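Here are my notes for anyone opening this one for the first time.

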4 protein chains.
Amino acid sequence: MNTFGRIYRLTTFGESHGAAIGGVIDGMPSGIAIDIDEVQRQLDRRRPGQSSIVTARNEKDRIKVLSGLMDGVTTGTSIGFAVMNDDHHSGDYDNMRHTFRPSHADYTYTAKYGMRDHRGGGRSSARETIARVAGGAFAMQVLRKLGINVYAYTSQVGDIELDRDYHKYDMSLIDSNDVRCPDAGKAAEMRSLIERVKKDGDTIGGVITGVITGVPAGLGQPVFGKLHAMLGSAMLGINAVKGFEYGMGFDGVGRRGSEMIDNFMVDADGNVHTATNHSGGIQGGISNGEDIYFRVAFKPVATLLKEVDTISDTGEPAVLKARGRHDPCVLPRAVPIVEAMAAMTILDAWLLNRTTRL
Amino acid sequence: MNTFGRIYRLTTFGESHGAAIGGVIDGMPSGIAIDIDEVQRQLDRRRPGQSSIVTARNEKDRIKVLSGLMDGVTTGTSIGFAVMNDDHHSGDYDNMRHTFRPSHADYTYTAKYGMRDHRGGGRSSARETIARVAGGAFAMQVLRKLGINVYAYTSQVGDIELDRDYHKYDMSLIDSNDVRCPDAGKAAEMRSLIERVKKDGDTIGGVITGVITGVPAGLGQPVFGKLHAMLGSAMLGINAVKGFEYGMGFDGVGRRGSEMIDNFMVDADGNVHTATNHSGGIQGGISNGEDIYFRVAFKPVATLLKEVDTISDTGEPAVLKARGRHDPCVLPRAVPIVEAMAAMTILDAWLLNRTTRL
Amino acid sequence: MNTFGRIYRLTTFGESHGAAIGGVIDGMPSGIAIDIDEVQRQLDRRRPGQSSIVTARNEKDRIKVLSGLMDGVTTGTSIGFAVMNDDHHSGDYDNMRHTFRPSHADYTYTAKYGMRDHRGGGRSSARETIARVAGGAFAMQVLRKLGINVYAYTSQVGDIELDRDYHKYDMSLIDSNDVRCPDAGKAAEMRSLIERVKKDGDTIGGVITGVITGVPAGLGQPVFGKLHAMLGSAMLGINAVKGFEYGMGFDGVGRRGSEMIDNFMVDADGNVHTATNHSGGIQGGISNGEDIYFRVAFKPVATLLKEVDTISDTGEPAVLKARGRHDPCVLPRAVPIVEAMAAMTILDAWLLNRTTRL
Amino acid sequence: MNTFGRIYRLTTFGESHGAAIGGVIDGMPSGIAIDIDEVQRQLDRRRPGQSSIVTARNEKDRIKVLSGLMDGVTTGTSIGFAVMNDDHHSGDYDNMRHTFRPSHADYTYTAKYGMRDHRGGGRSSARETIARVAGGAFAMQVLRKLGINVYAYTSQVGDIELDRDYHKYDMSLIDSNDVRCPDAGKAAEMRSLIERVKKDGDTIGGVITGVITGVPAGLGQPVFGKLHAMLGSAMLGINAVKGFEYGMGFDGVGRRGSEMIDNFMVDADGNVHTATNHSGGIQGGISNGEDIYFRVAFKPVATLLKEVDTISDTGEPAVLKARGRHDPCVLPRAVPIVEAMAAMTILDAWLLNRTTRL
């Protein structure tokens with residue numbers, strides 16, 4: 001299933017070492033002026049080779065928009081786009097052709113399809129997320145016109161954690177360091193942990209926090225289309241993600257209801273607000289107008305730059321050592337992916353909500 | 001959006017105090033003998049009034065199957081079913097007509113729809129999950145023929161926690177106590193915590209652990225239909241759920257890749273297995289044949305049996321005290337709901353996987 | 001696949017001789033006052049036993065709404081409804097249990113599902129359309145608020161045809177006779193043809209013309225969601241339908257482009273119109289504001305009240321004579337079904353069109 | 001809505017004068033060796049400039065596959081493809097920027113989107129069908145492995161008609177002339193009619209007949225996914241199509257049931273067949289194993305090479321004369337489009353049918 005969304009729909013294609021990665025955006029409202037340079041900037045944030053703590057591949061990842069715009073404005077028709085693959089080191093993967101990398105998708109793809117594209121992970125490569133970032137970058141430009149902003153930042157690497165309260169951080173500082181953490185001190189600690197892990201040929205996981213501001217009350221559909229279920233599905237679909245929580249999440253389960261309810265109040269302008277926001281901006285699956293915030297758990301990725309024991313596709317024991325360039329920690333590059341998936345989810349919900357009343 | 005699933009699809013209807021709760025199952029394979037008593041048993045597990053720690057409402061919740069079976073065997077056509085509502089205490093809700101209960105869906109439904117059915121929470125009532133349990137109970141009977149079993153149990157209430165390793169527990173003991181916790185000692189502790197909370201007119205949250213055994217390798221779709229994303233979306237759609245994680249989940253983020261990878265091995269019968277299962281039975285979004293396990297966070301529910309400050313729908317300050325019968329802790333009754341959503345998700349993935357190769 | 005529509009979605013269930021026929025309407029806008037008596041009137045128009053030229057079964061077909069309304073007004077949540085089956089003559093079908101009726105779905109259901117519900121045609125029974133008529137009757141009440149009206153009438157029975165130009169007929173006369181033909185003279189001819197055919201134990205086909213007025217310009221989606229493709233799919237899904245055309249349809253293929261183009265003009269109020277309407281109100285798959293009109297071909301139904309040669313499900317030659325009560329001509333009762341499917345299609349397109357611009 | 005299909009899904013993009021036309025195929029089974037030259041041959045059949053009776057544009061329309069194949073074999077992941085646009089004569093369309101061509105999509109797109117891409121019809125251009133032909137060409141290669149073949153041919157141009165009985169024609173002769181009509185004599189007549197019409201700067205419509213052989217019994221879904229409704233929707237979505245009928249279609253409505261039923265028989269090999277095939281290979285919406293045949297009505301296209309009266313987008317009277325190269329009759333080039341849509345529909349139904357039984 002390569003389509004995401006119900007009204008604003010992104011359909012993607014592309015393997016790591018195929019000709020291109022790309023997609024089709026369907027359901028884009030018409031009449032929106034798109035800044036393609038801004039879309040490219042989002043892709044650049046996801047791109048490897050930005051710093052010494054991420055992989056050194058120098059992929060230029062230039063987006064080419066193939067349809068759906070006239071004079072830079074959306075026409076309402078589908079937007080096709082592609083990013084050509086041009087920095088193949090397919091040879092790096094020859095030793096993986098008949099060997100299953102542990103905790104990768106090699107075995108499961110083979111079990112499902114009877115075969116797999118072993119070059120660079122094929123479709124299971126993180127390179128696939130290029131199309132998501134592009135789809136999200138278009139969505140963000142629509143959201144901005146609606147007064148909605150989407151932020152994500154690295155809030156934990158290994159055991160180095162930020163405070164859970166996102167209000168303590170300045171979102172404009174997210175890109176001020178290559179960890180994409182708005183706390184400069186913690187960012188430096190995270191960075192040196194990643195360097196250490198990298199030196200060991202190992203990898204490390206972490207948490208990305210997402211925050212969405214300016215969401216009007218009313219988005220989300222009861223029962224099977226709850227806004228947080230859509231967000232959760234979007235996040236869990238990102239490579240290496242193992243968990244999702246919103247509002248107080250897992251931390252809230254030990255509390256009592258009386259500590260956790262968010263009392264309503266009316267502000268000076270007569271708008272309904274909640275005094276606290278333990279709910280995370282969503283109640284009964286529908287946005288209540290408060291900030292939406294959530295946390296996404298990323299495992300340490302499985303490609304180690306040291307020898308690992310495994311088996312071949314005929315079941316023989318094998319030893320594998322990844323060659324090539326790999327991230328010791330995906331969090332910094334995953335930040336724009338989290339933002340992209342959140343942006344598409346919210347825009348989709350916003351558009352669908354247009355059908356609620358005459 | 002009241003439809004769940006892509007091939008095995010459940011569409012539901014019903015408000016707490018309307019005429020009935022029910023649904024339509026589409027995509028049920030033909031030729032399956034259905035044990036309706038077993039479906040009813042699942043509904044009975046969800047039903048209020050089973051013990052002193054859950055609400056005392058005595059809803060009989062008898063399912064009536066309206067179509068799709070002939071002589072007790074599925075015909076492949078859609079299965080309509082309904083459970084009549086017959087124990088209304090609508091008067092209990094009169095004081096909520098113009099008042100928003102904090103952290104409930106009252107305000108968000110009104111913001112979205114311009115109105116709401118205030119009686120018993122209307123469509124946002126947990127009573128809506130009757131249709132899910134029924135849909136899941138049908139799915140389980142198909143899964144059992146495929147050798148797949150779905151279990152869920154209360155693994156945490158407040159700060160009383162079971163060990164994370166589900167292997168330590170005997171799934172056959174889940175229903176041996178009214179907390180639905182397979183550890184009798186911990187169950188007793190949980191029970192007394194719930195009693196204490198209840199006495200305070202308060203509520204408490206917790207965690208339900210799910211385990212699915214016998215899933216063949218190959219289920220799940222790359223990119224936007226990953227098996228754990230579908231599971232996560234299914235779980236997050238359950239009332240009061242605030243988080244989902246699978247495999248090592250949030251706990252794994254602090255580890256190194258070298259500790260977390262699951263090495264492949266071949267067992268005596270020549271089958272591929274992993275030596276450990278940190279992945280939780282899913283790699284690259286596709287099942288690998290190991291057990292799938294996951295955790296679902298439930299907040300303490302928001303209906304307190306004591307006075308809470310809130311506002312009316314005209315913005316005036318108001319004080320609300322819930323009347324009627326409410327759960328101090330939803331976990332015990334949510335166990336069959338988690339099982340039902342998991343069963344439908346797995347069956348849906350199993351059926352969709354039939355289309356992968358000729 | 002028992003779900004119709006993308007935003008306004010009807011999911012149905014029910015066999016001819018099961019407990020009930022019913023459905024779930026999802027995506028109904030909130031705040032619409034529904035006249036249930038009017039819904040029942042549409043069902044009564046579809047009901048058998050209305051006159052001597054349709055089957056004599058006296059089914060009361062009372063709709064029971066199970067959810068989604070409060071004080072008669074839609075709440076935006078799903079509307080469940082059911083019509084109980086209470087006039088079973090299942091014994092009439094015993095001779096069909098192991099015999100395939102020619103040109104019925106008996107053989108194809110068995111080939112697909114490995115079995116079938118033989119009683120009254122099971123799910124392939126025209127009785128299934130009860131749920132469609134109900135779904136359409138709700139949709140019509142929304143459309144009427146939007147100034148959109150849907151009409152259908154019997155325009156051909158056997159070789160007795162009305163003029164193709166629907167402007168010649170008064171839509172208010174459709175129900176003035178039991179053929180549902182707005183031309184009294186032709187209706188009388190059709191009626192006597194149907195009587196003749198009935199006396200022979202035979203059946204006869206015909207054409208129903210549909211007309212939709214008041215549709216604003218802009219409904220329909222380019223490429224795979226063209227408004228006429230949606231309408232066509234809706235009509236072709238009705239039992240016994242073998243063809244669909246709109247605008248000039250098949251008759252237009254022999255003409256030249258210069259005869260067939262509809263020139264634009266501006267009316268006194270400054271509104272764009274076309275001087276002619278050969279296009280049938282849709283251009284490029286999108287409504288242009290003119291009347292939409294179309295024709296639907298119904299075959300003579302296959303249940304004859306005389307002996308027919310066939311085979312048993314073991315391949316033995318067999319002779320079958322239908323017992324019970326059957327329509328010699330389904331057109332009169334199909335009129336409300338055509339209207340219902342058209343209404344749901346247009347409302348669905350109207351709602352989806354809300355997502356086109358911000 | 002730019003996605004077609006439920007399991008085998010094609011999502012398309014591209015305007016006539018944008019950078020490219022292309023699409024993404026999702027749900028392609030894995031392990032199928034694809035002959036790309038054969039895909040290209042189908043595109044060549046659709047391409048303009050093949051003969052004097054179709055437009056003289058020399059578009060090379062070379063397909064580039066961007067993903068989803070490894071060593072020429074499908075991997076089960078999505079197949080992205082694109083055809084670059086390289087023969088723009090955008091200047092030919094300058095006079096249409098502010099003028100609505102009669103019976104084109106110019107006005108309706110503007111009404112829907114508030115704007116349109118006027119160059120070459122933008123998304124409403126027949127050039128969009130390139131992506132359909134490619135999607136269908138992939139599907140055909142799967143169908144061929146299943147023993148299913150799809151044919152289409154020009155059976156009527158203006159008033160020159162072939163016999164309705166497709167058995168009288170040799171499908172291998174379809175491409176023996178540039179009209180794509182298997183009857184050489186009729187083809188010559190059609191050709192000279194088209195030449196005459198072209199000389200007048202006019203256009204002419206016609207009918208394409210489709211035939212699908214080798215379809216096993218059991219494809220299609222009851223109620224809203226009937227096989228002929230899916231086929232009809234697929235055909236009605238092709239540019240310029242105004243009608244669809246299958247089996248006896250509109251011609252059958254005047255007959256009696258006793259003439260129209262298809263009696264079952266068992267052939268020498270013990271297989272069930274019908275003695276006649278008035279049903280067109282589908283009963284109750286499900287294939288019965290006989291040939292499927294249908295007819296598709298194409299209007300004379302609206303672009304005339306002579307002056308037509310119309311209005312500007314500000315409502316002023318205008319005179320328009322199309323420049324550039326346009327088809328006097330689209331039937332010959334539409335033949336591969338009909339085949340493509342039929343192939344995708346049947347493959348989609350075949351795959352979905354895999355989920356019917358365990």
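1. Start with F244(A), which stands opposite F244(B) in strand 11 of chain B. Strand 11 (residues 241-246) of chain A and strand 11 (residues 241-246) of chain B run antiparallel and are joined by three bridges. Strands here are DSSP runs of E with at least two residues, helices are runs of H or I with at least four, and both are numbered from the N terminus. Two strands count as paired if DSSP finds at least two bridges between them.

2. A word on ground rules. This is a predicted model, so local features need pLDDT of at least 70 and side-chain atom pairs count only at pLDDT 80 or more, while totals for chains, interfaces and linings use all residues. Residues are numbered from 1 along each chain as its sequence is written, chains are lettered from A and ligands numbered from 1 in the order in which they are written, and side-chain values use heavy atoms, with hydrogens and water left out.

3. How many residues of chain A are in contact with chain B? The count is 103 residues of chain A against 103 residues of chain B, where contact means heavy atoms within 4.5 Å. The area buried between chain A and chain B is about 7,900 Å², and carbon and sulfur atoms give 62% of that. Buried area is the accessible area (1.4 Å probe) that two parts lose on being put together, summed over both. On the chain A side, M1(A), K112(A) and F224(A) supply 12% of the area buried against chain B, more than any other three residues.

4. R256(B) forms a salt bridge with D200(A), with the closest N and O atoms 2.5 Å apart. Helix 2 (residues 106-113) of chain A gives the largest share of the side that touches chain B, seven residues. By class, that side of chain A divides into 46 nonpolar, 39 polar and 18 charged residues. In this scheme Ala, Val, Leu, Ile, Met, Phe, Trp, Tyr, Cys and Pro count as nonpolar, Asp, Glu, Lys and Arg as charged, and the others, Gly among them, as polar.

5. Next, look at chain D and chain C. 103 residues of chain D are in contact with 103 residues of chain C, and the area buried between them is about 7,800 Å². R256(D) forms a salt bridge with D200(C), the closest N and O atoms being 2.5 Å apart. Three bridges join strand 11 of chain C to strand 11 of chain D, running antiparallel, and E245(C) stands opposite G243(D).

6. How are chain D and chain C related? A rotation of 180 degrees with 0.0 Å of shift along its axis superposes chain D on chain C (RMSD 0.0 Å), which is the relation of a two-fold axis. The superposition is by least squares on the C-alpha atoms of residues with pLDDT of at least 70 in both copies. The copies meet through the same surface, because 100% of the interface residues of chain D are also interface residues in chain C.

Terms used
A salt bridge is a side-chain nitrogen of Lys or Arg within 4 Å of a carboxyl oxygen of Asp or Glu.
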